Amino acid sequence: KTALAFFAQGAPRQPLSEKTFLSQNFSSLESIVREFLAGRTERIASASFGVAGAVLDDKAKVTNLNWIVDANSLSQTIAAPVYLLNDLEAIARAVPHLNEKDLETLNVGESQLRAPIAVIAPGTGLGEAFLVWDGARYRAHASEGGHADFAPTNEIELELLKYLLPRLGHVSYERVCSGRGLPNLYAFLKDSGRLVEPDWLRDKLLPASDATPIIIEYATENKAEICAASLELFISILGAEAGNLALKFLATSGVYLGGGIPPRIVTQLKAKNFFQSFTRKGRFSELLARIPIHIIVNHHAALFGAAWRATENE
C-alpha cells in the first residue's frame, strides 16, 4: 500500500487529508501522486516519501514492486522539492517525537540519555534502522540489515535453516521474520512432521493469496497449534535479531519494534519468549536486560516521520 497525506507546515502529526492506495494497481508512484493531487489547489512547499528499498543518488528500486522511484521525476510531478528516504528511516525519524500513547512498553529498562536507538520493523518485509545523537538532535540512518544472513540460536532454528537453504539459496532474517517469512516457518513445522495441519485449516489457507493474516489470527486466538507454534518461533527469532541490533549499535536509549505485525501480537510479545531471546547474549545478557524495549502502536509513525523530513532544514 501507499499512504499519502497533506500536512501544514509545523504540524507533522496532524494531516489535513490522507488517503491510502493499493500500490499494485498503479504503474508508478508518480501515477498515485497525480491521482492524490487531482482537484487540489494547495501549494506544496516540499514533499518527502518513505520507500521500501535502498535510496541511492535520490533513486530507489522498490523491494516488492516493479517501480523505480526518482526524486527528480517526483519533483517535476509535484512542482516542489522532493526528499526520498527508506521507509525504516521514516519510522526512525518519528521515534524521537513519539509519546506514551504511541507506544506499548515491553521492558522499561534504564534509558541512557542521548545514546543510540535501534528500530526493527517486521511487516511485509523486515526493516532495520538506527538513530545517533549528533550533538543537537537525533539523526536517523537506514540499513538493509533485514537481508543479512539468518543465524540460528537453537536446534529447531538449525533445522529450519537446513530446511530453507535448498529451497531459497540465501536465507536472510526477512525470510523467517516478516509477513513474507511467517509462512516459511509454518511450512517447516508442517513438512518436518513436527505438527499436523488440520484439514479445516488447509482449506482456509489453500485459496488465500496471503497466509500470514490467517496464521496470526488462529495463533493469537489459540485455534490451531501449528499456527501458535509458528508465531512462537517467529517471536523467538525476532527477539534474537532485536538483541543483535541492540548490540551492534549499543542502543542503550532503547529498541523500538515497528512495522505492521508487532501491534497485532502485543500479548504474545509480552510473554517471556521474546525477552529471553533478546537477552540471551552470553556475557552481555545483563546489559541487554537493562535496555528499554517499546512497540510502536501508532500506525501513522512512518507517515509522520516522512512529514518531519519534509519540514526539516538539513
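1. Glutamate 89 touches Ala129, Ala140 and Ala142, leaving aside residues up to four places away in sequence, where a contact means heavy atoms within 4.5 Å. Glutamate 89 sits in helix α3 (residues 87-94), helices being DSSP runs of H or I of at least four residues and strands runs of E of at least two, numbered from the N terminus. Its relative accessible area is 14%, so glutamate 89 is buried; the term buried stands for under 20% relative accessible area, exposed for over 50% and partly exposed for what lies in between, with a 1.4 Å probe and protein chains only.

2. A word on the basis of these remarks: this is a predicted model, in which local features need pLDDT of at least 70 and side-chain atom pairs count only at pLDDT 80 or more, while totals for chains, interfaces and linings use all residues. Residues are numbered from 1 along each chain as its sequence is written, and side-chain values use heavy atoms, with hydrogens and water left out.

3. Helix α1 (residues 29-37) is largely enclosed by the rest of the structure, because 7 of its 9 residues are buried. The buried residues are Leu29, Glu30, Ser31, Ile32, Val33, Phe36 and Leu37, and they pack against the strands β1 (2-7), β2 (15-21), β3 (47-51) and β6 (68-70) as well as against helix α2 (71-78). After α1 comes glycine 39, which has a positive phi near 85 degrees.

4. Helix α5 (residues 182-191) packs on helix α7 (residues 212-220) at an angle of about 65 degrees, and their axes are 9 Å apart; the axes are lines fitted to C-alpha atoms, for helices over the stretch in contact, and angles run from 0 to 180 degrees between N-to-C directions. The two helices α5 and α7 are therefore roughly perpendicular, a label that covers angles of 65 to 115 degrees, whereas angles under 35 count as roughly parallel, those over 145 as roughly antiparallel and the rest as oblique. At this contact Leu182, Pro183 and Tyr186 of α5 meet Thr212, Ile215 and Ile216 of α7. The residues of the contact divide into 5 nonpolar, 1 polar and no charged, with Ala, Val, Leu, Ile, Met, Phe, Trp, Tyr, Cys and Pro taken as nonpolar, Asp, Glu, Lys and Arg as charged, and the others, Gly among them, as polar.

5. Helix α8 (residues 225-249) has 25 residues and reaches 36 Å from its first C-alpha to its last, close to the 36 Å expected at 1.5 Å a residue; the expected span is 1.5 Å times one less than the number of residues. This helix is mostly covered, with 18 of its 25 residues buried. Glycine 239 lies in α8 and, at 0% relative accessibility, counts as buried. Glycine 239 touches Phe274, Ser277 and Phe278, again not counting residues up to four places away in sequence. Leucine 250 follows α8, and its phi is positive, near 45 degrees.

6. Most residues other than glycine have a negative phi. Aspartate 57, however, has a positive phi near 55 degrees; it lies in the loop between β4 (55-56) and β5 (59-61) and is exposed, with a relative accessible area of 74%. Arginine 114 has a positive phi near 65 degrees, is found in the loop between β8 (103-107) and β9 (117-122), and is partly exposed, with a relative accessible area of 49%.
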